[in-house]
Amino acid sequence: ENPRWPRYPGLSDLSLLRIKVAIESGEINARNEWRLDPDLSVLGGVEYLNYLIGYWSRAEKRSLIEKRLGFSDETFGEIVLASYNSGALRVAQAIERGGKAWLADRELSEARKYVKRVTSYCDSFDNDENPEALK
């Protein structure tokens, strides 16, 4: 939470429908809500990813991963991505319940799709034969 970034007052108290109407009418916009500012939204996402990396790097969380899954960079990345989508608590509970099948947990159906989509993008970029095409 960056105190310098604009926040629409009382946003968390509004219904989803009220928020949608306020955004469509321009009442809530990029000048008064950081999440609607493309640059700040990306920065916020990066900060949240960094937070999740730190969270899952803590000794007790790293121990959970090693004990239930065995540690690998690929697994760690999937855990961070799933946490970004569904929350770290939900992911930790799925790891406890399902062990190596944690990502198949029914509580993580959206996260599973998200992880597959993001990792497929990464694989595509990694295997691109013409890296100049990405510039």
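Trainee: Which exposed residues does the face of α3 turned away from its buried side carry?

Mentor: This is a predicted model, in which local features need pLDDT of at least 70 and side-chain atom pairs count only at pLDDT 80 or more, while totals for chains, interfaces and linings use all residues. Residues are numbered from 1 along each chain as its sequence is written, and side-chain values use heavy atoms, with hydrogens and water left out. Exposed means over 50% relative accessible area, buried under 20%, and partly exposed in between, with a 1.4 Å probe and protein chains only; helices are DSSP runs of H or I with at least four residues, numbered from the N terminus. On that face of α3, the exposed residues are Ala59 and Lys67.

Trainee: Within what arc do the buried residues of α3 fall, seen down its axis?

Mentor: The buried residues in α3 are Lys61, Leu64 and Ile65. The arc is taken from the directions from the helix axis to the C-beta atoms. These residues line one face of the helix, because their arc is 95°.

Trainee: Which helices are included in what covers the buried residues of α3?

Mentor: Contact here means heavy atoms within 4.5 Å. The cover of the buried residues of α3 includes α2, α4 and α5.

Trainee: How many residues are in the largest nonpolar core?

Mentor: A nonpolar core is a set of buried Ala, Val, Leu, Ile, Met, Phe, Trp, Tyr and Cys residues joined through side-chain atoms within 4.5 Å. Trp56, Ile79, Ala82, Val91, Ile95, Trp102 and Leu108 touch the most other members of the largest one, whose residues number 23.

How values were computed. Helices (H or I, at least four residues) and strands (E, at least two) are DSSP runs, numbered from the N terminus.
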